Structures are given as structure tokens and as C-alpha cells.
Amino acid sequence: MRQIKKITWLIMLPMLLHTMVMAQTSIKGKVTGANNQPVSNATVAIKGKAKASQTDAKGEFAIMVSKGETLVFSSVGFVSKEIKVAEQTIINVKLTQDEGLLEGVVVTAMDIKKNPRELGYSVQKVDGDDIQETQRENFVNSLQGRVAGLTINPTSGAAGASSSIVLRGFNSLSMSNQPLFVVDGIVVDNQSVDETSDGGRGIGLASDRPNRNSDYQNRIADINPSDIENVTVLKGPEATALYGSQASSGAILITTKRAKTSKLQLQYDNSFRVSELTRFPETFDKYSNGTNGVAASSFRYFGPAYGDTTILFDNVKLFFRPGISQTHNLGMDFGIKNSFFRLSGSIFDQQGVVPNNDFKRYNLRLSNTTKIGKYIELMPSVSLIRTDNNKVLRSAGGYMLSLMIWPNKNNILNYEDPVTGDKLPLFSSNPNSDYDNPFFNVYNNVAKDVTMRATTSLGININPTSWLSVQGRFGYDTYSIDGYMRYHPKSYYLSAAVQGTLDNYWRKYAGYNHTITATAKKKVGDFSFRGMVGTMWQDYQTKMYAITGNTLSTTESFDSSVTAPNTRVRLLRNYFGEYNRQILRQFAYFGEAAVSYKNMLFLNYTHRFESASTLPVKNRNYNYPGGSLSIIASDLIKPLKNSDVISYWKIRTSLAGTARLNTPYSTQSVFVNNFASGGGFSYGFTNANPELAPERQSTYELGTEFRLFRNKLNLEATYYNTLNKGQIIENFRLSYGTGFVLNTQNAASTRNQGVEITLGSNVINKAKFGWNFQMNFNKMWNKVIDMPKNVAEYYIADTWLYGNARGGLVFGGPTTSITGFGYERNLNGDVLINPANGLPVVEQLFKIRGDRNPDFTLGINNSFRLNRFRLNFLWDIKVGGDIFNGTHRFLTGAGKSPLTADRYTPRVVKGVLKDGKENTNPTPNSIVIIPALNDAYYTNMPEEDFIEKNVNWLRLRDLTFAYAFPKKPFIDLPGIKTLEVFLTVNDLVLITNYTGADPAVNGNTAGSRGVGGFGFDYGTMPAPISFNFGLKTSF
Amino acid sequence: MKKNIIFYLTSIALVFSFSSCEKKIDEAFANPNASVRVPVETLLPGIIGNFVGSSAAAGSAYGLANDGLYIGRYVQYFATNSSGNQYDQMGGATGASDVLGSVWAMHYFGMGENLNKMVKWGMEEKKWDYVGVGYAIRAFSWLSLTNMYGEVIMREAFRPEQLVFNYDNQKDVYDTVRAISRLALEYLNKTGDNASQANLAKGDAYFYNGDVNKWKKFVYTVMARSFNHLSNKAEYKPDSVIKYALLGINTNDDNATCKFANTGITGTSNYYGPLRGNVGALRQTEYIANLMNGLNSRFAGVTDPRAFYMLRENTNGTIRGIKPNKGAGALVTADQPQSFWGQAFSSSAAPVSDATCRYIFKNGSPFPIITASENKFMLAEAYLRKGDAASARTAYADGISLNIDHLNTDYSASVPAPRLMTPAIKSAFLANPAVVPPAASLSLSHIMLQKYIALYGFGMMETWVDMRRFHYTDIDLSSGAQVYADLVMPTGIDLFINNSGKYTYRARPRYNSEYLYNIAELTRIGAIALDYNTKEQWFSQK
């Protein structure tokens, strides 16, 4: 209620302040741009006076002027033009595009459109058509390689998989590093379900799991890629300073398509996809089941070699199926007078390459732009989305690992008793002791999510005068997810006594946010001033009702009622029939002051004041500044003007602070359920910190932009340096002397730096042939520069998914390190050997053994045009960065890795005996081992051995070949304007030195926090190769 | 004028909306899912659950029973049914393992702040009984903690904002046990206000059911223990032991025992029962078997009627046990003892039902923490050391008698009918001079061995203290024989390599608490050494 009052006031205020002026002669006219396109929203002002008018959608305007006065026509992206009024009553003006401006207008924070010229930070824009053309249903996956400094880490190649997005590397050690998503000025949710519920006090699953075995869509992927007009990526600090702490990891601004005229227009396109999984971890299949050279009934392959007559099945091939999907998109523009509508719908239906893994999405969106009078524009929209995702388990517990070590003597298709339908035994009479046949696994250990979402937004623009504009953006975003995850009673992953487990959950999200800004502009001589004030209110609530139980009475139903009542565990509030909640509320007001000189020097200052509900009262109100300076050196330095070599040169710098918030409630140590006799409560693991303050992030950025050879070539380079101080470290361990197991403090600091270079060229631009080229280079480096001295390592528990390797952070190390066990060595660096058995001694300490951060990444996009053919392809290059290949370690221990092929070759492990003299008088090892007869040789190998160093990749991410039919003679149907057919191939080529299936791996889902699980491979399913073909037409 | 009005109205509206935002923000601060304060009555069950093996949404298995799985091997109560187990070899925890860290977790976290808050809020609410019980448990917990780990964090414990912690000497911890015990008694003696049996019973229903008098006896016996443990020290005073033991637990009705609701989930069942599945690979040792089957030289030829209550027979129907680190060893199949759940020797599996399980190895069996029998043996030892052999003999006989009664009352389920102890069997046993000799012949060896039997299976923590006081193999001066008669300590390959030929005297602090985050202090006390577990503790040193 109060909100509405406030909104009303702010809307009315400028209208009331608007003063009436006297009328003279009426002048009418039309403003046009290139190709005689009308320029709407252009300002028509009278020089030296406050009075101004604006053009409408048709570019037409009307204004009262006196003779002899000068009209100034201006619009963002165009060079202003002045015309002196004489006797005319009609003035038609053609504006020319600003030369230094190839991308046109950019949307910046708070949905404010600016001329890129004045920005003191780097902004990159991706066109919606480019996104749509990749045919990737999760649109964020199409951004990889297209934006310098943007990294996408998809969880897997499964249908409905989540992806996490990182801009400019990792700043926070234990908080989210994902950017804020803003659609048409409205903050839109991009959570993935985080399965951890911290003993029932959080909003995860009741079984409180560590984000490894399942996956949940990152919710921004609900957006229909066909609705995207363009995506603007705000990486810089200054850009995000205005969005506040939610955008401390950057912001991705999505502008949706809107109808531009009231004319009826229809667009339809479709795409049919066939996918095939072609990349697998290398396995080796010569030895039968057994250990130490002796046959045994186990899933280890250290038995005798297979005989010549042994029939081996190609089980991997038998398991996967071709993935098939189709999508249909329909868009319709229509309107009445000054009210334009766009209605769009989409159906996406995917059958994944893994059996029983399917994904469906339905989108419907209606948006409208209505002009009321001269000053007011309303832009309401509503989107309805439904997704259905049938999921299978992944990673540890998934089908992939058991498929890799399934005995090929056994036909994988025979996994259940044809009569009883029971799991067929392989090595054990107890079905829970045998690995799950991958088919059994995907059909019986199953999960499903159904999501229903509605996002509504309202944009209001009021431009009462030429110097004042007021904008309001109001958004309400809500969804519900119903889901379950079931382990079959006979699954290997449970003991027989458990008799199956079932997790059910009902998740509800509702988020409201608005921003209201008022901007005033004023020009005095060569100086232009702009001032903006605004306010933002955010209120996000996620609710979860989750229950887990075991002892399933039937496997036919997925309702929680099939679990035994005494085994059911719920989230804490669920015991009282209520949802667990997580609420974040934040109020902010902010301002911006900008001054520019002769359109070539731009100085900008912003300040934001925030108040957030996650913090204790005394630390709740905080603020931070941002400033930037942009110089158009090509205008400033006279000799450069009109140079043939440098047509445009800009130097920019910015400096900004921001804050990052703690997780709600991490300030309060709370009680969780106690299950001992008598029940009651006990403290949870976490020592919450009532003194918590927001994390402080300060960044400076230096950049330059060139347009060379008459805009043929443009080059942009940026360096940034971010210092994160007083990081909120949640769930870090200390001595139990604290009274708790986990702790929460403002403890560590990191420094994160990087260089981004983009190079674009319009190499050839002839009528019949064109070649466009763009390259995005990104190099980042980062370091933990402060950490409590006694904490040797802080790690995100989720990443400890296999063996003894995890995403551990060490003082002085990179934030992307892999810590793990390695070899024990003497002072000379020789590996120490156990004198008793000749095997190396493993140092059981988590030390830095690798760094996942690549040396650099490079995206290269080429677009060719020849007559009516188009060819686009995007190369994605990564050089350097280590990966923990847990799959390889698993296969090695099981005797399935090619590493074990020479197992009968006797060998002496190079090293010195650990005999007490290793540092004084080392004895070289001479103990001969035949690994086949002593397979501890393989299982003893520390994780250090399986961290693959400097993994590179060259990947052809997306390739599109399209043909546009000419109007005649092919398209003669009435109404059809354009018709294009296309073929798009995803992930066609992968050249890598990685020995696993695909180096784009992630051990955790997007729900994990901190640096997350990228670079951890354990049974990860790679992306399949996909062929998409379809047509695109408009009426 | 008009502008002014607009200005004021706007300002009012803004101020109004700011303050309402502030209110909405403040409303969202508190955790809506979980409480920052709960009734003290709801804290006590979990704290009591920590005596044996906790089970909460924040961790399980903290307590004496989990570490007892390893300590029980040190004292040769049981051993693994296969060879090569480092704890059968008296090894300490190694590598990144939290083994033997459950008591550490029990004290600092499981009971930890829960107990502190129970005391604090109990004071605020004038629930003096809860305050007293809190101190009583804390006194017990400090004593258990230091007996296991030696030097521990005491003065600096429970400082949530601190990063590293200093350790305190064991002597200081012992003094603290007594100081806290006295505090406990002070509050347990305080009646009125909001203290009442009915209200205390809400919290300790599965322990003393609200009886503060029993809690006082618990405290006195803890104090008796604390004096009794110092038998090797110059400051040892048998009268102190006698004084507090007489005030302590002297009837089975006063036994400090954790009881279980046994509702079919792990949390409400006994840690050693088949549902929790923790003792599948453990088998009784030759040492306990021989003490009860007449093969031990101290009780030669005496068949102990308690054997079929506490131990398992083999297919021959006899009571035999295994040697540590030897698996079945030389025992022929028919002599190999069943598992504690009545399964075949080689089977580690838990039966679906506990119908054939006995003693403390059933899902619902109560788990003793301190018994009257133990208290009597402490008395007997103190009297004997004082030179009052007659009183020592009485206390000794009472100890055996109370133990037999305890077994009959609480643990007769599933005992084969012919093996049930009748009053006649009991009196015949107590009348046997090979078991209860005349006062003049009563030796420390008698007392310690009968105590060893009476604490079998659950009292390994206290038995370990006893065995360390006698350095496992000390000679009984009166008889010239080993106090723990016939006890064979592991040597050679049966003694863990890191021990360097020495026996185990302590456990190292919990790995994931101390060895990663408190290195400086561990270095100072020598806990980084691989044989730290063999470093003798202050309490047992002469």
C-alpha cells in the first residue's frame, strides 16, 4: 500500500512541476534516420530555452516556436542537428548516425539508455538473433565466447541441465559469484535449487544433500530465447554500482522484443534437432573381473585377460539414444493506434540422449507499448512459462560411472527379470550390493521437476519536458516447482534396510522489485550536465516444503505417502505445516551526476545507499560510490580528427565500490531438530555471526577503444583490478573450541584481475559478399590475499565429490585452486617409497595441486554472407587451466583405464625409500612391482596424479548455415515476406589434450556457491553434438 | 506556495515510505525457520543423547559409544574378526581421520553451547534443577574429555569469535571438574522457584526422570572418580574417594543410565544395537572370555554365571574369545564366538530383528554411564589402599552383587533360560572364595578384574583409565602378580608401527577440529608426533 502511494507521488511530482509556457507558431515535421526510418523519441528543443518536444513512433513532432529561434534535433545515437526557424511550418529532418558509434545505444543500469561514447566502463552487447540462431534452449549457453570476460560453466550435457555464469572471474569465496539478471529493467530470478538445507533450517531438500547427484535448472533459462531482442553484459564496477549488492558480480540486461508499429506482423520459426553423444572417457577392456590377477566377482578388472572366445558387448553404444527435439516459435505484432502489442509463444520438446531424460518448455508472452498523450509511455508485459524435466542422477550415483565399469561380457540390455521386473543380480545375490545397471539406474532412480512461472512487468516513461524524464520499472516474478527424487529400494546406493528413499519438494518463489528514477539534463555552453536520482525496492521470497522418507511401500507412486511415516524428515517449519522461507529485502536510493564537455570528455559520479534485511541493524545501512571518466581522444587531439587510420579513440577509467550480502539468517545461530530419545533441539553446525558486515568490493578499470581504418576495425581493451575485503566466509571450519563445527566471519580477502580485449572487423562489406569477424580475449588471475592465519585451507564442501581433491583455497594461492592429496617427498623432491611394499607414500594433506583458472580464453566469431547464403561460426578456445579427472581415477582403480594396460610390465617406482634416511642418505627404491598382481599400485595413486595440467580446448561451438529465399519465384504465397532455411550444428568439433570426455566439466550444479565445481570431472556427461535444421519466416 | 505544498507532501510521503521500508526490512531479518532460543526442557534430551551417541540434524555419533568402539579394543574388551586392524594393534588415529574424536565433538559441540545455553537460560528462568543438571553433565564431560585426550582447551573453550585456542594442563581440568561439580550440587540443592521434578522430567525422561537426588549422586560419583584416578599421585587421598563414593551411586536404582525410546529410527536406539549397526565386526576377546570361563589364573576354574548375559557362545556352546589382531586365530570354527548380535563369527551383517541380541547390544537396551557396581569397586580400591581390607571386601562383594542384580533386571532378555541367574546361583558365586576371598587375601587384582568384568562392553572409558593407572602390566605388590592377571599386551607386528613399541595412553584431539586449525598449540604439546598416542597422561604418572 505504502509502495503504491510512493509510486503515485513520484509519478505525479514531475507532472505537477511542469510549467506551462506561452504559444507562438506551430511547427510540424518528421525526423528520420538512415533509410528514411522514423526516429522516435527524438528531442526537438528550442535552443537556449527549456521548452522541447519529442517525436512519436512515426518520428513526427509538433512544437510551438517563435520566428528566429533555433530548433535542436537530437537523439541518442545520432549527431544533433540545428535548424533556424524562418517561415516554414513543416520541417523534415534527416539525422545522421553518430560515427563513433557502431553498436548504437546501450542499455545501462536502471534501464537507462546511453550513448556508449560517454561510458567509462566496458559494456558488451549480444544480439538476440545471434542467441536464437544457436538454437540453444538455455540461452546463457549461447553467450560463451561472445563476450570477453564471460564464462559459462554448464553442469552437464543432460536435457534441462543448469549453467552457471561468471563475469570477470571469482570474487567471493563462499557467496554466489553469479551476475544479476535484469529483463526490461526488472530483476528476474536465476536461482538453482541448492539441495543443502543445513539441518532443516534452510530451503534445500529435506535429505540435505551436497549438489552433486542431481541438477536443477538455473531459472533464467526459463526465458524464451526468441523473445530476446538483445543482451547487454555489464561487467564493470561502475555499471553495476547502481544496481547495488545484488549486482556485485555484474549484471546481464535483457531487452525483450517489442512491437514497433501497429501493423500486423507474424513471425514463425521452427527447429528440429538430432543429438548424439560422441565423446566418452577412454576405457580399456582386456581383463576380466578380479583383483591382483585373480578372478573375482567384483566391479574391478584385475582378473585374468579375456579369452579369445569371450563375447564383449558394446554397452556404451547400446545405452545412449539419439537425442531428438523440436521447437516452434510464433510471434505476432499488432496494435491499435498508439498501443502496440507483441504476442509470442514457444514450444520446446526435447528427448535427451540419456534414456528417460526429457525436457519440455512452453512459453507465452504478451507485451505492450502504449503512448498516452505526449509524455507518457506504458510498457506492460506478462510471461507465462511451464517446464517439465524428467531427470536422471548424475556424477557419483549416476549412470555414467556404472556404464563405464559395466562388464562388457554382460549385455547391458538384460537388466531386469522379464517376468518379475526385478533387478537382475550380477555378482551378488543382494541387489543392493551390485552396481546399478545404467538402465536400471535411469529408469528407477528418477527425479522430476515441474515448474510454472509468471513474470509480469510494467515500465513507465514520463518525459514531461526535454530536460526531465521519469522512469518506473515494476516487476513481479513468481514460480512454483514441484519435484521429487527417488532411489529405488534395490539401488546400489542404498543399503537393503533402507528400502528406497523418496524426496519430495514444493518450492515457491515470489519476487517484487521496482526502480524509479528521475533524470534531468541541462546544457550550458560546451558543458552538458545530467543528474539522476532514484530509488529501488527489492523483496524476494523463496519458500520450500520438503520431505524425505524411506521404506517405500510401492515404487509405482512418487507421492511422499509411500514412505514409512516414522522415517520422514522435513524442513523445520514443515513439521508445523508451514513452508521454510528465505526472504531478502533491500531498499536503496541512489544518485548520479554527470558532466560532459563538448561531447568528448565525460565525468560521471554515482552513489548508492542501501539497506538490507540480511544484516544486523548496526551494519544494515551502507553505501558506496562509483566514478568514471571517459575521454574521446580522437576528438581531443586535433591531428587525429578525420585521420584515415584512427577514426575514433577513447580512453576510459572507472573506479567503484560495491558490497556483497551474506546469506539471509547467517547472523543467527539457530537450533535444529534433535532425533535422540526425547526429541527437542540442538544447535546447528554453524556458529552464525551477529556482527556480520557486508563484503566490500572495490574495483578500478582502465580501458581504451579504437576504431581504425574508417571503422573497418575496432579494438577495445580493458584491464580491471578488484579487491574484495572482509569477505563473508560462511561455513568455514575452525577448532571445535568455538563451540561449533562451522563458522561465519568477515575474514578473507581476494584480489581479482584481468584483461579483456575485443577485436572486431567488418572485413568485407560488398553488396553480394560480406565477412564480419569478432574476437573476444579474456585473461584473468586471482589470489587469496588474506585469510585467518590458522586456517590452512577453506573449501566449499560441495566440491569434495570424489577421492581427496576439492576446491580448496589457501592463503597466497589462486581462488580457483584444486587441493588434494599427493606424493610425500624428501627435501630433494624425490617421491618417498614405502620400504615394506615398494609403493609410493601418499601425503594425506590437502595442498594446492592444481589451478583451474585458464591462461586465457578466446572466442572467435566469423560471419560470411554470399548472395543469399549466410555462414556463421563461433570458435571457443581455452588455453591452460587444470582439471581433476576423477573419472579417470575411478576407472584406474577399477582397472578400466588405459593407464592399466601395461599392468604386467614389472617396474620400480622412481623414488627413495622412506627409511628414516631419506633426507640424509637416500636409498633409491629397487623394489620391483608387477601392478597386475598388486593392484594397490593403482588404487594407491594420489589425486595429484589425476589432476590434468594445462588443459586446452578448441571448440566449434555453433555453426549456422542459412539460405534466404528470394521473393520470386520461390515465395509467391501472399503475405509471406521472408523465408529462410537453416542448419545449425552445436559442439561439432572439439580438439583437446584432455583425456576425459570433455573438459567443459562441472562437478556441482549452478546451485553451488563460491567458485563452485567447474574443473571437477566425476562421471560428468559431456555435451552431445547437435544438428538443428528448420525454417524461419515472417508474414 | 503551491510548490511548497507539493514539496512538503512529497517529503512526508518519502519519509513515510522510508520508515515503512525500514520496518519491512527489519521484519525479514529474523530467521523464520528456526529458533534462536528454545525452552531449556527441549535442550536436555539432546545433551543426554550425547552421552552415548548423538543423533541430531547437526551431526550424529558424538559421545562415548563411538570412541568406545576403539577404546574397547585398547582394553581388550573386543577385537575385530579379521586381522590387521590398527586399533586392535593399539594404534591411534592416523591421517585425516576423525576416529577417536567423538568425545571431543561431544564435549565442545554436541553438548557444547547447548549445555551453556541450558545453564544460562535455566538461571534466567530460575529452573535451578536444569542449571544443576547442566553443571553435573559438564563436570562429567570435562573428566571424560581429559581422560581421553590429556591436555585440552579449557579456559578458552566456547569463545565463538576466537580463531586459535590454547590448551590447559590436565591437573587444571581435574580441579575444574571438582569446581563444577560443587556448582552442580549447589544448584541441585536449590529448590523452589521453577525447579520441579515434573518439569525436570520433561528433559531427562530417558535418564533420571526428574529426580535431582539421583543427579546429586551422579555428581558425587563423578567426584569420587576424579579422586580415584589419582591413585598414583602424591596427593592421592583414599578418604576423598571413600567420602564421595559413599555419597554417590550405591543402588542400581540410582544407576546413571541412558535409556532409549526405541521407535525404530536410529536416533532413539542404542548405538551398539543392530539398527545402528556399529559392532558387526567386533568379537569378544580371549581376555574377557577367559576371565569368565575359568581359564584366567586369577579366577581359575570359576565359571562366571554372568558370561551368558554379557558374552556370546560359539556353536560348541562354550565361551571363547579371540586374540587382538589375529582374527579367528587358532580357534576352530566351532570355537569361534558369535557376533554380539548372535550372527556367525565371520558375518558382520546386522540382523533385521534384535530378538537374538542380548545385553547392551539390543536396539532398546539401556546404556549405563555410571553404575553402583563401579562405585563399589572404587570404594573397595580406596579402602584397600587405605588398609581397611574388611570394608574393601564388603564393597568388593557388593560390587559383584550389584552387577549381577543389574544384569538380571535390565539385561536378561534373550539369555538362554538355563543360563538365567537365580538367587541361588548368585549366592553360590559370591560365596566362592576364588571369587570373593577372605579380606586378608583380597588384592587389587581381584578388585580391578571384577571391575573390568562389571564394566564390560559399556565402561571401556573408565576401564581404560584403570588400566593406564596400572600401566596395563603393573605388578600387584601384595601378590607379586600382574594386577590385570594374564593380560597379554600386543608386541611386534601386533603393536602398531607408529607406537614405537609403546602402549597407548591417550587419543589425539579430533583431526578436523585441531589438526587443521590449531597446529601451533598441537606442536607445543607434542601432538604432531606420530606416537603422541603413547604419551603418558598426568593422571597416571607417579
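Start by selecting strands β54 (978-992) and β56 (1025-1034) of chain A: each supplies at least two residues of a nonpolar patch (strands are DSSP runs of E, at least two residues, and helices runs of H or I, at least four, numbered from the N terminus). This is a predicted model, in which local features need pLDDT of at least 70 and side-chain atom pairs count only at pLDDT 80 or more, while totals for chains, interfaces and linings use all residues. Residues are numbered from 1 along each chain as its sequence is written, chains are lettered from A and ligands numbered from 1 in the order written, and side-chain values use heavy atoms, without hydrogens and water.

Now show the whole patch. About 820 Å² of nonpolar surface is made by Val274(A), Ile324(A), Phe769(A), Leu866(A), Phe869(A), Phe961(A), Leu983(A), Leu988(A), Phe1027(A) and Phe1029(A). Patch members have over 30% relative accessible area and no salt bridge, with nonpolar side chains joined within 5 Å; areas come from the Shrake-Rupley method with a 1.4 Å probe. Pick out Phe869(A), and you are in strand β47 (residues 869-879).

Next, select Glu137(A) and Arg273(A), a salt bridge with its closest N and O atoms 2.8 Å apart (a side-chain nitrogen of Lys or Arg within 4 Å of a carboxyl oxygen of Asp or Glu). Glu137(A) sits in the loop between α2 (128-133) and β11 (150-154) and Arg273(A) in strand β17 (residues 265-276), so the pair ties together parts that are 136 residues apart in sequence.

Then bring up both chains. Here 74 residues of chain B are in contact with 70 residues of chain A (heavy atoms within 4.5 Å). The buried area between them is about 6,100 Å², 64% of it from carbon and sulfur atoms (accessible area lost on being put together, 1.4 Å probe, summed over both parts). On the chain B side, select Phe29(B), Asn33(B) and Tyr517(B), which lose the most area to chain A, together 13% of what that side buries.

Last stop: the rule finds two salt bridges across this interface. Zoom in on Arg620(A) and Asp26(B), which form a salt bridge with the closest N and O atoms 2.7 Å apart.

Definitions and conventions. Buried area is the accessible area (1.4 Å probe) that two parts lose on being put together, summed over both. Patches are made of residues with over 30% relative accessible area and no salt bridge: like charges are joined within 9 Å, nonpolar side chains (Val, Leu, Ile, Met, Phe, Trp, Tyr) within 5 Å.
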